Amino acid sequence: MEASAMDLDAGSSASPQPQPSPLSSSSFPLRTTIQTNFGDDYVLQISPNQGWSSMAVALSTNSVKLYSPEMGQFLGECRGHTGSINQVGFNGVDLLCSCGSDGTVRAWDTRSFRQVSLINAGPNQEVFSFSFGGSGNLLAGGCKSQILFWDWRTMKQIACLEECHVDDVTQVHFFPGDQNKLLSASVDGLMCTFDTTGDINDDEHLESVMNVGTSVGKVGFLGDKKKKLWCLTHIETLSIWDWREGRLEVDFQEARLLASENWSRDHVDYFVDCHSSGDDDNLWVIGGTNAGTIGYFPVSYSGRGLIGPCEAILEGGHSGIVRSVLPASYTALHAKKHGIFGWTGGEDGRLCCWLADNTTSDVSRAWMSSSLVMKSLKSCKNRRHQPY
């Protein structure tokens with residue numbers, strides 16, 4: 001079963017979907033900024049652990065630094081990758097996993113900051129994404145035109161899918177609620193779903209193919225039973241899909257223009273991510289400017305679709321492209337007691353913490369630790385995935 005973004009019927013419609021409830025009608029105040037390093041290095045991704053006691057920050061130095069999300073203090077650093085880190089994520093509270101362009105997936109004990117496991121995908125290989133599924137011991141890795149599978153207990157490769165994609169596999173995700181079903185997305189413009197039960201192979205385990213039509217950057221699940229997918233591409237388009245039927249529901253080819261028309265700041269230059277609000281159908285696309293301002297834009301994907309007026313603005317913290325946003329839904333209750341809305345990281349090498357108190361636009365409450373030295377801002381070349 002295959003659907004294509006190029007074949008969307010202009011008159012097609014999706015099931016009724018509630019309008020997003022506002023996050024804010026004004027700017028969120030900045031609490032603090034942290035300079036993570038010196039030179040031209042910058043933040044690639046922020047990922048929290050399950051207890052919100054630490055967050056991992058992947059840097060362009062090929063290292064991962066750990067910080068406290070509540071207070072912002074530096075906890076330690078994990079070093080070992082010899083190529084760019086493409087993804088970080090916790091598997092529990094203290095076990096951090098990372099993958100990179102050096103062709104490895106590594107695990108770190110964040111209590112000692114030491115590497116405890118290493119998987120090598122092979123010579124001349126890169127690992128762009130990973131996900132744990134099955135009973136928790138099946139590890140899938142998105143690589144160069146392949147999806148590799150390992151048994152996490154033995155660190156042995158057990159399967160390879162090599163006929164579904166013809167270019168870099170940028171995303172792999174096991175489905176929430178069904179850890180035997182895998183979603184993949186690639187620079188070749190395809191999203192695929194697989195059944196990973198039994199002996200995994202190309203002939204019997206590919207379930208559906210969805211043709212986005214251009215290089216896929218990020219995908220995520222959406223809605224009450226995660227029946228839908230959102231998809232951001234490397235040319236900054238946004239689309240919504242029903243993965244069960246392999247059907248494209250809404251295709252925002254001019255997403256940046258639509259977002260730019262719905263706020264008073266500069267033109268939206270790129271999208272950082274999407275954010276869905278738990279178990280309901282609400283969705284926001286997070287857009288940013290090259291000067292470092294970002295906004296949450298509500299997305300209605302019923303009928304022809306709509307990107308609405310910006311509902312939250314984060315500005316005054318970054319001076320360059322924002323690469324990662326730690327979604328507000330990830331904040332634990334004790335973090336909310338500190339009034340924290342979330343964290344962002346960017347190409348200026350800064351981590352910014354934002355307050356949930358939106359009763360004032362006064363950003364004079366922002367502070368920086370005197371023990372941290374601000375580096376001079378230099379131009380950083382864009383290292384986002386370039387498909388062409």
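How many disulfides does the structure hold? The count comes to 0, where a disulfide is a pair of cysteine sulfur atoms within 2.5 Å. The model is predicted, so local features need pLDDT of at least 70 and side-chain atom pairs count only at pLDDT 80 or more, while totals for chains, interfaces and linings use all residues. Residues are numbered from 1 along each chain as its sequence is written, and side-chain values use heavy atoms, with hydrogens and water left out.

The cysteines come next. The sulfur of Cys353 has its closest cysteine sulfur in Cys352, at 8.9 Å, which is too far for a bond. Cys353 is buried at 0% relative accessibility (buried means under 20% relative accessible area, exposed over 50% and partly exposed in between, with a 1.4 Å probe and protein chains only). Cys310 is also buried, with a relative accessible area of 17%.

Aromatic contacts were then examined. The structure holds 7 aromatic pairs. Rings of Phe, Tyr and Trp (its six-membered ring) pair if their centres lie within 6.5 Å; planes under 30 degrees apart count as stacked, over 60 as edge-to-face and the rest as tilted. One of the pairs is formed by Phe132 and Trp152. Their ring centres are 5.1 Å apart and their planes stand at 90°, so this pair is edge-to-face. Phe132 lies in strand β12 (residues 127-133), and Trp152 lies in the loop between β14 (147-151) and β15 (156-161), so the pair ties together parts that are 20 residues apart in sequence. Helices (H or I, at least four residues) and strands (E, at least two) are DSSP runs, numbered from the N terminus. Phe132 is buried, with a relative accessible area of 16%. Trp152 is buried as well, at 12%.

Trp263 and Phe297 form another edge-to-face pair, at 5.3 Å centre to centre and 70° between the planes. This pair links distant parts of the chain. Trp263 is in the loop between α2 (255-260) and β24 (270-276), and Phe297 is in strand β26 (residues 294-300), 34 residues apart. Both Trp263 and Phe297 are buried. Ring pairs also link Phe130, Phe132 and Trp152 into a cluster.

Lys65 lies over the face of Phe74, at 5.7 Å from the ring centre. The charged end of Lys181 sits over the ring of Phe175, 5.9 Å from its centre. The criterion is NZ of Lys or CZ of Arg within 6 Å of the ring centre and within 35 degrees of the ring normal.

The structure holds 15 salt bridges, each a side-chain nitrogen of Lys or Arg within 4 Å of a carboxyl oxygen of Asp or Glu. Among them, Arg111 bridges to Asp109, with the closest N and O atoms 3.0 Å apart. Arg111 is exposed at 62% relative accessibility, whereas Asp109 is buried at 15%. Arg153 forms a salt bridge with Asp151, with a closest N to O distance of 2.9 Å. Arg153 is exposed, with a relative accessible area of 62%, and Asp151 is buried at 14%. Arg247 bridges to Asp242 at 3.7 Å between the closest N and O atoms. Arg247 is partly exposed at 32%, and Asp242 is buried at 3%. Salt bridges that share partners join Lys228, Asp242, Arg244, Glu245, Arg247 and Glu249 into one network.

Two further aspartates deserve a description. Asp251 is in strand β23 (residues 247-252). Asp251 is buried yet has no salt bridge. The nearest side chain of opposite charge, Arg304, is 12 Å away (Lys and Arg count as positive and Asp and Glu as negative; His and the chain ends are not counted). A polar contact of 2.9 Å joins the side chains of Asp251 and Gln253. Such a contact is a pair of N or O atoms within 3.5 Å; within protein, one must be able to donate a hydrogen and the other to accept it, and residues adjacent in sequence count only if both atoms are side-chain atoms.

Asp348 is in the loop between β30 (340-346) and β31 (350-355). Asp348 is buried, with a relative accessible area of 3%. The side chain of Asp348 makes a polar contact with the side chain of His318 at 3.2 Å. The Asp348 side chain also reaches the backbone nitrogen of Arg350, at 3.1 Å. Asp348 and Ile321 are 27 residues apart in sequence and 7.3 Å apart in space, C-alpha to C-alpha.
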